[in-house]
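Please read the following note with the structure open beside it. The points are numbered so that each can be checked in turn.

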Amino acid sequence: MGGSLAAAFAAAPLAGNFFTEIGEAKLDKFGIQLWTVKNALGKDPQGALKQLSEDGYKQIESFEGSKGMFWGMTPADFKKYVDGLGMTAISSHCNDIYKDSFEKKAVDAGSIGLKYLISPSESGSKTIDDYKKLADRFNQCGEICKKNGLQFGYHNHSAIFKPIDNQVPLDILLANTNKETVTYEMDIYWVVTAKQDPEEWLKKYKNRFHLCHIKDRIKGSTEEDASCILGKGSIDFKKILDTAKDNGMQYYIVEQERYDNSTEMDSAKADAEYLKKFKF
């Protein structure tokens with residue numbers, strides 16, 4: 001390797017889930033929201049996880065299914081199995097943040113080193129005061145999570161961008177939650193579906209979005225449910241994720257919810273292949 005070339009590599013910054021080459025960056029590791037393969041996971045949790053590891057996923061984000069966040073395994077056994085596949089459990093979506101059981105879920109999540117416990121979507125709020133009360137509950141959940149070594153988070157859908165009294169509910173949540181204990185997971189698909197600009201939100205609230213869902217949208221579709229294999233749709237991930245990594249994004253998580261002419265597992269594999277080749 002020539003001197004100048006070696007110097008360029010030595011000077012290239014390394015951060016987060018990225019490794020840098022001259023003039024470009026690649027995702028070093030990326031995750032998957034297990035909702036993407038929910039049916040396969042429900043039938044054979046260990047088999048589905050093993051296949052995802054073979055497809056190239058290094059991180060996973062779970063959710064609460066009929067067998068709980070840990071898919072019929074104890075938290076410790078779930079961690080042991082996932083670790084044995086060369087993957088890391090980063091986070092989980094968690095339902096029922098108003099129930100007493102939330103604290104037990106935070107204890108379990110913290111016991112195996114999850115970094116985030118995330119509300120997948122909170123419905124029922126209709127007024128600005130409702131959203132301020134929701135922010136208060138997020139802060140309470142944040143304190144519960146902090147005691148157990150992790151952060152609480154919120155995952156957006158499109159409705160959170162619909163103005164109420166000339167105010168956007170997501171602005172209310174971000175303005176009224178403790179940035180030290182409450183983080184946000186940007187579902188890029190739903191931001192675009194709401195006709196919002198993900199880059200504007202990432203810049204406006206720098207370092208508040210620690211995770212994102214990378215989910216593409218069928219070109220020209222006006223349907224709400226129009227996700228597709230990464231790279232086949234209309235979302236400019238190269239541009240958006242470049243802005244994301246400059247504004248505090250730490251985890252990049254695949255999600256897909258529709259599988260035209262495909263299956264859950266085949267789609268997950270195709271999504272992984274896209275991200276393996278992804279460059280900034």
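1. Asn-261 lies in the loop between β12 and α11, where helices (H or I, at least four residues) and strands (E, at least two) are DSSP runs numbered from the N terminus. With a relative accessibility of 85%, Asn-261 counts as exposed; here buried means under 20% relative accessible area, exposed means over 50%, and partly exposed is in between, using a 1.4 Å probe and protein chains only. Between the C-alpha atoms of Asn-261 and Ala-89, which are 172 residues apart along the chain, the separation is 30 Å.

2. Before going further, please note that this is a predicted model, in which local features need pLDDT of at least 70 and side-chain atom pairs count only at pLDDT 80 or more, while totals for chains, interfaces and linings use all residues. Residues are numbered from 1 along each chain as its sequence is written, and side-chain values use heavy atoms, with hydrogens and water left out.

3. Strand β9 deserves attention, since six of its six residues are buried, so β9 is largely enclosed by the rest of the structure. Strand β8 (residues 182–187) pairs with β9 in the parallel sense over four bridges, where two strands are said to pair if DSSP finds at least two bridges between them. In this pairing Glu-185 stands opposite Leu-211 of β9. Strand β9 also pairs with β12, again in the parallel sense and over four bridges, and Ile-214 has Val-254 in β12 as its bridge partner.

4. Which residues of helix α10 (residues 237–245) are buried? They are Phe-237, Ile-240, Leu-241, Thr-243 and Ala-244, and because they cover an arc of only 155° around the axis, they are on the same side of α10. The arc is that of the directions from the helix axis to the C-beta atoms. As a general rule, an α-helix has 3.6 residues a turn, so residues three or four places apart point the same way. The buried residues of α10 pack against several elements, among them α8 (188–193), α9 (198–204), β9 (209–214) and α11 (264–276), contact meaning heavy atoms within 4.5 Å.

5. Helix α3 (residues 45–55) packs with helix α4 (residues 75–84) at an angle of about 35°, and their axes are 10 Å apart; axes are lines fitted to C-alpha atoms, for helices over the stretch in contact, and angles run from 0 to 180 degrees between N-to-C directions. Gln-46, Gly-47, Leu-49 and Lys-50 in α3 meet Phe-78, Tyr-81 and Val-82 in α4. By class, this contact of α3 with α4 has four nonpolar, two polar and one charged residues.

6. Two residues have backbone angles that a careful reader may wish to look at. Trp-71 is not a glycine, yet has a positive phi of about 55°; Trp-71 sits in the loop between β4 (59–62) and α4 and, at 5% relative accessibility, counts as buried. Asp-96, also a residue other than glycine, has a positive phi near 55°; Asp-96 belongs to the loop between β5 (88–93) and α5 (101–111) and is partly exposed, with a relative accessible area of 37%.

7. Finally, Ala-159 is found in the loop between β7 (151–155) and α7 (169–175), and its relative accessibility of 58% makes Ala-159 count as exposed. Ala-159 and Met-87 are 72 residues apart in sequence, and their C-alpha atoms are 33 Å apart in space.

Key. Nonpolar A, V, L, I, M, F, W, Y, C, P; charged D, E, K, R; others polar.
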